[in-house]
Amino acid sequence: MSDRDIMRSSVRHFQRYYSPDIGDALRMDTSTNVLGPHPAALAALSDLSDLNLNQYPSTYSDGLRQTLAEKYGLRPDNFVVGAGSDENIDIICKCFMEWQDSAVVPYPSYSLYDFFINMNGGRVIAVELDDEFQLDVDSMVKAKGKVMIMPSPNNPTGAAFREKDIVEILDRFPGIVVVDEAYGEFTGRSMIPRVDEFDNLIVIKTMSKAYALAGLRVGFSASNLKLADMMSCVKIPYSLNTLSEKAAIAALLDDEFIHRTVRMVRENKPLLEKELQEMGFQTYPTDGNFLLACSPIPHRTLVEGLKAKGVLIRDFGSKRRLENCVRMTIGTKELNDIMLEKMREVISECR
Ligand SMILES: Cc1ncc(COP(=O)(O)O)c(C=O)c1O
């Protein structure tokens, strides 16, 4: 008998999520935007006098869905807004999975998929990515879950999946296929324009990464009208607050910052890769704003050593297939140089 026996069995093994002591550390651990908050969102939040904060927000974030519809050439009812795309993942599990149903995810991938699937009483079927961290289409399809969830670009490995593989899965998989485009802006591609073509495609996106609004918790899904209606009926009404909605609309109407962000990442990625390789890291190809790299010294020594010097990167080194690997955000030249300098110090202190 353990204290945890009072918990629902499907969540009894849960541990708290990553929650580092931040202080004034340089955060290169969360793949967020290092350029600071989206300026148009900040400007929108500088005057809140038009907001009726005594009233509830729009139940389904109609203003934001209208803006999304105009941006993507779809209808507002193709979109379901969430408090972060994590809420959209939760909505999908709640909406389409029965207790003990299976959901297919690639491995290695985003750890919170397992969290939401288990939390909703589902079982995770993890299907290995191939040696290049690409999809094994046959194995994914044969895994036969009710739902499949995959990020492209994949987190934490970095590479985007081939669109032809995703389309083949959409055609052959009998359940819902969720393509998580959290880092999609960095690839310049999206499956959103194709949602009406498929009866089983849901694309989810976040405003936490390129849009630089992680603190406001805004995400959304795009799908055909039928699926979107089902998910709207399940989602928690009013989950996106009035301030976040206003800021998100302003950010979506101003692409200049996104272009600048994508340019900054593209310019700095090869420089960062080269410097890391010269230090003895093995880097993996990435299409996102982060890099997975195998450390030349024990991963814990590197991550803890950097933390002591005020730089946070994310440790994946204890995970199968990511042995001794760490993930870091691709920053500006100045920020990357600080991170690299501290890495050099930790590595030389270790040897
Ligand atoms: C692949 C992937 N999906 C979803 C999320 C969650 O995004 P949000 O902040 O919108 O909940 C993340 C965050 O790191 C992610 O990496």
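Helix α10, which spans residues 299-308, lies across β12 and β13 and runs at about 30° to β13. The model is a predicted one, and the notes below begin with the sheet to which β12 and β13 belong.

**The four-stranded sheet**

- Four strands in the order β9-β10-β13-β12 form an open sheet, and their pairing is antiparallel.
- Because β9 (282-283) and β12 (314-315) stand at the edges with a single partner strand each, one side of each is left without a neighbour in the sheet.
- Strand β10 (residues 290-294) pairs with strand β13 (residues 325-329) in the antiparallel sense over five bridges, and the bridge partner that Leu 291 has in β13 is Met 328.

**The seven-stranded sheet**

- Seven strands form an open sheet with mixed pairing, and their order is β2-β8-β7-β6-β5-β3-β4.
- The edges are taken by β2 (79-82) and β4 (123-128), each of which has a single partner strand, so that one side of each is left without a neighbour in the sheet.
- From one strand to the next, the twist averages 20°.
- Strand β2 is joined by four bridges to strand β8 (residues 219-223), the two running antiparallel, and Val 80 stands opposite Ser 221 in β8.
- Helix α7, made of residues 225-234, lies across β2, β7 and β8, and its direction is at about 30° to β2.

- Strand β6 (residues 176-180) is mostly covered, since five of its five residues are buried.
- In a regular strand, the side chains alternate between the two faces of the sheet.
- In β6 both faces are covered, with Ile 176, Val 178 and Asp 180 buried on one side and Val 177 and Val 179 buried on the other.
- Strand β5 (residues 147-151) pairs with β6 in the parallel sense over five bridges, and Met 148 stands opposite Val 177 in β6.
- Together with helix α6 (residues 163-172), the strands β5 and β6 make a right-handed β-α-β unit.
- Strand β6 also pairs in the parallel sense with strand β7 (residues 201-206), over four bridges, and the bridge partner of Asp 180 in β7 is Ile 204.

**Around the ligand**

- Which of the 13 residues around the ligand come nearest? They are Gly 84, Asp 86, Pro 151, Thr 206 and Ser 208.
- Sorted by class, the shell around the ligand has seven polar, four nonpolar and two charged residues.

Terms used. Residues numbered from 1 in each chain as written. Predicted model: local features only at pLDDT ≥ 70, side-chain atom pairs only at ≥ 80, totals over all residues. Buried ≥ 20, exposed ≤ 12 C-beta atoms within 10 Å, placed from the backbone. Pairing = 2+ DSSP bridges. Right-handed = clockwise from strand over helix to strand, strands pointing away. Near = placed C-beta within 6 Å. Nonpolar A, V, L, I, M, F, W, Y, C, P; charged D, E, K, R; others polar. Contact = placed C-beta atoms within 7 Å. Axes fitted to C-alpha atoms, helices over the stretch in contact; angles between N-to-C directions.
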